[in-house]
Amino acid sequence: MSRTGTALFVLLQDGRHVRIRPIAPGDLNALGAFFTALTPTARRLRFLAQVNEVPTDLLVNFSRVDHWSHVALVAEPCGSAGPLLIGEARYVRGPRAECAELALVVAEAWRRVGLGSALTRALLRSARAGGVRRLCGDALAENDAILCLMRSFGARWVPTADLRIVQLCVETGASFRPERPGRSPVSSPSRAIQRTSAGRTTSP
Ligand SMILES: CC(C)(COP(=O)(O)OP(=O)(O)OC[C@H]1O[C@@H](n2cnc3c(N)ncnc32)[C@H](O)[C@@H]1OP(=O)(O)O)[C@@H](O)C(=O)NCCC(=O)NCCS
């Protein structure tokens, strides 16, 4: 693994190289194409609801992040000819700003070679640096992949009132800093959560 500026270069277990970097507004179309190319099952696991098409306003919200209250990373293959995203991971701070909601997804053709772990590691590092103490996220209880992945990062999970959903929480080891340096606190993080839900959507 190596680092250039804010980008991180990762050698996956199958020998392929990928780049992980913060999302940028110019990723809007590539992000839409990435979600569209996922199988319906992958989109359901990612959004906890059957989402056939991710709405444009959500894509805009997902790609225009402030990198503090809403942090999003994308993965792309090294040397790909055009814009191509193969993974995304994000967190959105909650009202207390020391906790954030996370979500991630990896393209099917890039799974089980360590990319989900690399994205999680990068997200945890970013959260720690930003003073987020705990990353939590809801997952479908049937989702062995995310449960096993998060367990490898020390996550605990608890049932929710909805028996189909469990909540995963992982400690980042950060010292909490309540405000973004040099900026006023987020005006309404809870609205940001409802709006973007780090990828969770309202039911269709
Ligand atoms: C969860 C997800 C991101 C994992 O991505 P990935 O790139 O395959 O993960 P990794 O290759 O880093 O796997 C790390 C570990 O997680 C576990 N894991 C991953 N996929 C698994 C699966 N299908 N079944 C059981 N364990 C799995 C394994 O312990 C794995 O280690 P191993 O390969 O050495 O056994 C991916 O399956 C995905 O995108 N799923 C759909 C979206 C989703 O469920 N998101 C979570 C809710 S927001």
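## Ground rules

Residue numbers start from 1 along each chain as its sequence is written. In this predicted model, local features need pLDDT of at least 70, side-chain atom pairs count only at pLDDT 80 or more, and totals for chains, interfaces and linings use all residues.

## Confidence

The protein averages a pLDDT (the predictor's confidence in each residue, from 0 to 100) of 86. At least 70 is the score of 83% of the residues.

Elements are DSSP runs numbered from the N terminus: helices (H or I, at least four residues) and strands (E, at least two). Among them, H1 has the highest mean pLDDT, 98. Helix H6 (residues 189–196) has the lowest, 31.

## Helices H1 and H3

Helix H1 (residues 28–37) packs with helix H3 (residues 56–63) at an angle of about 120 degrees. Their axes lie 9 Å apart. Axes are lines fitted to C-alpha atoms, for helices over the stretch in contact, and angles run from 0 to 180 degrees between N-to-C directions.

Leu28, Leu31 and Gly32 of H1 meet Leu59, Val60, Phe62 and Ser63 of H3. Contact here puts C-beta atoms, placed from the backbone, within 7 Å.

## Around the ligand

The ligand is surrounded by 23 residues, each with its C-beta atom, placed from the backbone, within 6 Å. The closest are Leu45, Arg111, Gly116, Ser117 and Ala145.

Helix H2 (40–47), strand S6 (99–106), helix H4 (115–129), strand S7 (134–140) and helix H5 (144–151) each give two or more residues to the shell. H5 gives the largest share, five residues.

Note on methods: Contact = placed C-beta atoms within 7 Å.
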